Protein chains: 2
Amino acid sequence: MNSKGLAISMGDAAGIGPEIIAQCFALHAADMRGSVVVGDVATMQRALAVHPATAQWHVQRVEQVGQALDMPTNTIAVLQVGDALPAVPWGQVHAAAGHSAGLFVEAAAQLALQGDVSAVVTAPLHKEALHLSSRYQNYPGHTELLQACAARFAGQAVEDMPVRMMLANPQLRVVLVTIHMGLRQALDAITTPHVLQTLQITRKALYAMLGREPRIAVAGVNPHAGEGGLFGREELDILLPAIVQARSEGAHVSDPIAPDTVFMRARSTAHKPGEFDVVVAQYHDQGLIPVKYDGVSDGVNVTLGLPLVRTSPDHGTAFDIAGQGLADPSSLWQAIAMARQLTSLTS
Amino acid sequence: MNSKGLAISMGDAAGIGPEIIAQCFALHAADMRGSVVVGDVATMQRALAVHPATAQWHVQRVEQVGQALDMPTNTIAVLQVGDALPAVPWGQVHAAAGHSAGLFVEAAAQLALQGDVSAVVTAPLHKEALHLSSRYQNYPGHTELLQACAARFAGQAVEDMPVRMMLANPQLRVVLVTIHMGLRQALDAITTPHVLQTLQITRKALYAMLGREPRIAVAGVNPHAGEGGLFGREELDILLPAIVQARSEGAHVSDPIAPDTVFMRARSTAHKPGEFDVVVAQYHDQGLIPVKYDGVSDGVNVTLGLPLVRTSPDHGTAFDIAGQGLADPSSLWQAIAMARQLTSLTS
C-alpha cells in the first residue's frame, strides 16, 4: 500500500459531500488515516453535526498534507483552500460554494500531480453553482477541470491529454467511448480513431491497475453486434478496424460482442470469474445500465488517461437531502477504496 | 391453477428442444402432468436417451390433448403432427426438421386458440431450417407464425393483431418498442403511435397477468432521458405524447425515465420490491442488457398482444451441443413455469 494519503476534494458546501466525507472518516478511521480533505474548515466542522456517527469527531486545519499523518484520534485533517466560506444554506445553489468547489478540485489535483498525495477522490460538485463562477463557467464538470490541471502541469495542450470515463463496481468495469450526448449524436461520434483511442487509454490504465495485459471486451453498437451487417454495419466498418489496430499494438481485444451478453460475460461474481477485465461500451446507457443494475451505491467513476489517479462516487450533490443525515456514504467509500486499490498497485 | 395442460411445441428435431423438454418432464413430473408435446414421437423417443435423467422415461403417442391427463408414471404424451420424421442428424440444418418445427407451432397455437390447452410454450426452432420450407420461408420466426395463426383463427388481418415481445425473469419484466434492427434504424422506428401501441398492449397483458392496473415505466431514448432536451428531443417530441394519451385511457405510466436507472428501480429482489411492474424499453439492447445481466438461464420470452398465452426460453437450438446431454433445461422450465403462472391468473 502506498504510504501517502488521499486528497479528498470537498465538493459543493451546500450538498452532501461534506457529511459523507465525515462519515467515511468515522466509519473507516484506520483506512482514512493520513488522508486530507481539501476544502473549507468551517463547512467540515458544520458537517460533523449532521449525523450521529460523526458527533464525536473533530476537524483540524492543516497547512501541509504531511500533517494529516499526525492527527489525534477522531480528527479529520482539512487543508483550507481560499477564503473561509460563509455558512452556505444546505441544498441551494450558491455562487461562493460553486466557485470554491472548483478551487478544491484544482488544489487536490495539484497535490496529486506534485506527488504529495497518492490520488484524488472528488466529492460531488453542483454544475449550476460551478458555472456561476467566471473562472469555471466553461468547464462542464470535474473531468475537464482535472484535464486542464494535468495539461497545465505537464505543459501540454488539453487536446493531447484525452481522457475516458470508467465506471466500476465490485463485479464489472466499463469504459465509455461516448458519454453525455443524445443517442443519435453518440452514434455519429463513434468513429474508428475515437474507438482506437479508447482502447489505448483503457489498455494502459488497466495494465497499470492489474499489473498484466488486460482482457478487453468491445461491445457492439447494434443488436447481436450487427449479425454480420444484417442489423447495421458499425461493427464491420468502424469497430473492427480499431480492434485490428489495437491488436497490432499488442492489446488483447475481443471482436465486437453482442451488447446484451457482453456485460453478463464480463461480470465477476463469487461463483463465476468474468471472461474479461473490462468492457468498452459504445454509448452512455449501454455501459451504465449494467453497472447500475445491481444497485447504485457501490458504483465508482474512475477517470482514465490522466497522469493522476482520480475516482469519484457516481452520484451528485443530492441537494434534496443535504444536511439531514440521510445521505449514504457507500459510493464515496467505494471511490476511496478504489483509489487506494489503484495506487497500491501502481506505485 | 388452470386445469388444462400446456402445449409444448417440440422445435427443431436437430436442436436441443426435444432433450430439454424431456428433462423438464423428468425434473418436474408433477407440474408437467397433463401437458402435451406437440411434435414427433420418434424424435422424442430418441431424446430420452440423451441424458441420464430421462433414461427411465417413456413416450406415448396421443391423439387428443385430454389423454395427457391419464399418462402412466414417467411417460410423456406426444401429439404426432404430420408425418413421422426420419432420424434427423443432431446439430445440422435439415429441411424436414425445419418444416416440421413450423407445423408443430401451428398445431400448438391451434390447440390454444380452441381452448384445448391453457397456453403454448415453444421450444427453439432453427430459422435457416424453417426457411427451407416453402410454407414458412416468409416467416422470420415464431412470433410472426403465431400472429398469422391467431389472425386466421379470429378472421382478422395480421396487421390488426400487433404483438410485442416481453422478456421476463424473476426480477424484471421488459417490453420492447423495437426489436431486431440496427440501432440507427430503431431510432427511426420509435414513433408516437408505435410507443402508444406498445403501452396499450403492455397495459392489457399485464393487467391480465396481475389482476390490477400495472405500474408501467417508460425508459427514455437518450442519456438522462434527454435532460429536458439537452441530450436529444425524443422524450419530449415522441414519448411524452404517447404517455399522455395512454394516461388519458387510464394507464399508470411514468414520464420517460433515465435509461441507466429505470431498470434498477423496476427490479424486484427479496430485499427491495420494484417500483414498477414492467419497463417499456425503446430498443433491443436497452431492454435485454438488464434482463440478461444477472444470468441468462432464467430468462423467458412472452409474446404479448395475441389471443393466446405463449412463452419461450430465451435461447436457440444450440446445434453445437445438441444430443450430448449438455443442454440446460432451466430457461425452458422457467418458460413453462411462467406460462402456468400467467394462465392461473387469467383463466
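Let me start with one pair of side chains: A:Arg184 and B:Asp188 meet in a salt bridge, at 3.1 Å from N to O. This pair crosses between the chains, running from helix α7 of chain A, which holds A:Arg184, to helix α7 of chain B, residues 183-189, which holds B:Asp188. Please keep in mind that what we are looking at is a predicted model.

A:Arg184 has a further partner in chain B. Its side chain also meets that of B:Glu234 in a salt bridge, here at 2.9 Å from N to O. How many salt bridges are there between chain A and chain B? The count is eight. Over all chains, the count comes to 30 salt bridges.

Between chain A and chain B, 16 residue pairs are in polar contact, counting pairs in which both residues have pLDDT 80 or more. Which helices of chain A supply the side that touches chain B? Helices α7 (183-189), α10 (259-266) and α11 (284-293) of chain A each supply at least two residues to that side. Of the elements involved, α11(A) gives the most, with eight residues. By residue type, the side of chain A that touches chain B divides into 17 nonpolar, ten polar and eight charged residues.

Next, the extent of the contact. Chain A contributes 35 residues, and chain B contributes 35 residues. The size of an interface is often given as the accessible area lost when the parts come together. For chain A and chain B, the buried area is about 3200 Å², and carbon and sulfur atoms give 59% of it. In chain A, the residues that lose the most area to chain B are A:Asp260, A:Ile289 and A:Tyr293, together accounting for 25% of what that side buries.

I move now from the interface to the fold of chain A. Twelve strands of chain A form an open sheet with mixed pairing, in the order β3-β4-β2-β1-β5-β12-β11-β6-β7-β10-β8-β9. Why is one side of β3 and of β9 left without a neighbour in the sheet? Strands β3 (58-62) and β9 (252-257) of chain A stand at the edges and have a single partner strand each, so one side of each has no neighbour there. On average, neighbouring strands of this sheet are turned by 30° against each other, direction ignored.

Within this sheet, strand β5 (residues 119-122) of chain A pairs with strand β12 (residues 310-313) of chain A in the parallel sense, over two bridges. Here A:Val120 has A:Arg310 in β12(A) as its bridge partner.

Finally, chain B. Its twelve strands form an open sheet in the order β3-β4-β2-β1-β5-β12-β11-β6-β7-β10-β8-β9, again with mixed pairing. The edge strands are β3 (58-62) and β9 (252-257) of chain B, each pairing on one side only. Strand β1 (residues 6-9) of chain B runs parallel to strand β5 (residues 119-122) of chain B, and four bridges join them. One of the residues involved is B:Ala7, whose bridge partner in β5(B) is B:Val120. Helix α1 (residues 17-27) of chain B lies across β1, β2 (36-39) and β4 (75-80) of chain B, running at about 150° to β1(B).

Terms used. Residues are numbered from 1 along each chain as its sequence is written. Chains are lettered from A and ligands numbered from 1 in the order in which they are written. This is a predicted model: local features need pLDDT of at least 70, side-chain atom pairs count only at pLDDT 80 or more; totals for chains, interfaces and linings use all residues. Side-chain values use heavy atoms; hydrogens and water are left out. Contact means heavy atoms within 4.5 Å. Buried area is the accessible area (1.4 Å probe) that two parts lose on being put together, summed over both. A salt bridge is a side-chain nitrogen of Lys or Arg within 4 Å of a carboxyl oxygen of Asp or Glu. A polar contact is a pair of N or O atoms within 3.5 Å; within protein, one must be able to donate a hydrogen and the other to accept it, and residues adjacent in sequence count only if both atoms are side-chain atoms. Ala, Val, Leu, Ile, Met, Phe, Trp, Tyr, Cys and Pro count as nonpolar, Asp, Glu, Lys and Arg as charged, and the others, Gly among them, as polar. Two strands pair if DSSP finds at least two bridges between them. Axes are lines fitted to C-alpha atoms, for helices over the stretch in contact, and angles run from 0 to 180 degrees between N-to-C directions.
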